[in-house]
Amino acid sequence: MDSSVIQRKKVAVIGGGLVGSLQACFLAKRNFQIDVYEAREDPRVADFTRGRSINLALSHRGRQALKAVGLEDQIVSQGIPMRARMIHSLSGKKSAVPYGTKSQYILSVSRENLNKDLLTAAEKYPSVKMHFNHKLLKCNPEEGMITVLGSDKVPKDVTCDLIVGCDGAYSTVRSHLMKKPRFDYSQQYIPHGYMELTIPPRNGDYAMEPNYLHIWPRNTFMMIALPNMSKSFTCTLFMPFDEYDKLLTSNDVIDFFQKYFPDAIPLIGEKLLVQDFFLLPAQPMISVKCSSFHFQSHCVLLGDAAHAIVPFFGQGMNAGFEDCLVFDELMDKFNNDLSLCLPAFSRLRIPDSHAISDLSMYNYIEVSFSRIRYHEAVQRWHWQKKVIYKGLFFLGSLIAISSTYLLMHYMSPRPFHYLRRPWNWIAHFWNTTCFPTKAMDSLEQIYLISR
């Protein structure tokens, strides 16, 4: 496609969050004219988090996307490596569970700072223009038109060649696509909500070991903590809404933490704990699946707008960033032809996005530290389950045989030499056939996270 044609193409990116601002960088590199419309204020001059310091886990997938637009080093320098999980038992005992090799780690990054950096990076391109306080009212991809409402409260029609929906789990762009024939959509709220808490610095340093993802697993609920550059930790409490509803007073909160998270109370402090707990209500968590991710050659969904997931797998942002990278790779493949790129994007990403939704409660090392496609990871997961069930049956059978052998060995004057050392068979089977190391590692991690 001729470069002069590319320069004339106008793209409206709806949503100036993490995925929208990153996608603006990718498209600007291709000389498109980009207008980013964000309903909220500019986070560089206003606080989105209302006093909360939300942290995210940046994995290999996300870093690959940032690397493609030259931002990896900048973002990594502002993050803190988490090389292992630190499991906090009810008794206060701590156990480290590494993610993988010493070179593998997850990066704890500030969502707010990351968003600011991505917006600033996008604005460095002369072809990118940001429009904050602009809400999308209508989306008509057939005619290449959107209607936005700015701070002047006057609706404005904007024509464009491509509409990119990066406006989150409650996407307005997606709601318009849902009216189109053959567009499938489903959503599911889980019974749990999440709440952000803070562990402040202690004597100018971290109150806990900084290079870990700290986890307090407690049956139907858990708490995690990610380190900040400010020497604090951002904690997230995941718990059923029914449990939140029981905690109505300061004493209720203190008693609850004393029962389930006693070692966290001196880390947070009773006053700050109560203050943070009642600052904002617990937030819901939603899982969204849809198909397709595009409409003709005029509209495409990326990030949570296409595949919002619950956060337990820690890949929501990273999957959204990978959307941007995959879309860019397809633009290379199809020489910027949107009529070919958009259908290919849907074909490629839909199975992966549905798989990551199913995987969100599981944490496999091979997914976190590679770009193995998500649906392939699901296939591995199903294979591991089959192997484990068969292995447990076979192991039980061998134990029964071994017990019989031992009984007959001591009852008979002539041992059955042809049944010698049956436990060697078990050991051999365990190590070579039934329980591959990666499968066992994955199971251990799943157990630690979810128990």
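For axes I used lines fitted to C-alpha atoms, for helices over the stretch in contact, with angles from 0 to 180 degrees between N-to-C directions. Helices (H or I, at least four residues) and strands (E, at least two) are DSSP runs, numbered from the N terminus. I'm looking at a predicted model, where local features need pLDDT of at least 70, side-chain atom pairs count only at pLDDT 80 or more, and totals for chains, interfaces and linings use all residues. Residues are numbered from 1 along each chain as its sequence is written, and side-chain values use heavy atoms, with hydrogens and water left out.

**Helix pair.** I checked H12 (residues 316-333) against H13 (residues 338-359): their axes come within 9 Å and cross at roughly 140°. H12 and H13 are therefore oblique to each other (under 35 degrees is roughly parallel, over 145 roughly antiparallel, 65 to 115 roughly perpendicular, the rest oblique). For the contact (heavy atoms within 4.5 Å), I noted Phe-327 and Leu-330 among the H12 residues, and Phe-345 and Leu-348 among those of H13.

**Sheet one.** I found 6 strands in an open sheet, ordered S8-S2-S1-S12-S19-S18, with mixed pairing (strands pair if DSSP finds at least two bridges between them). S8 (128-132) and S18 (294-295) are its edges. S2 (residues 33-38) runs parallel to S8, joined by 5 bridges; Glu-38 has Phe-132 as its bridge partner there.

**Sheet two.** I read the order S6-S5-S14-S15-S16-S13-S17 for this open sheet of 7 strands. The twist averages 30° from one strand to the next. S5 (residues 84-88) and S6 run antiparallel, with 5 bridges, and Ala-84 is opposite Pro-98.
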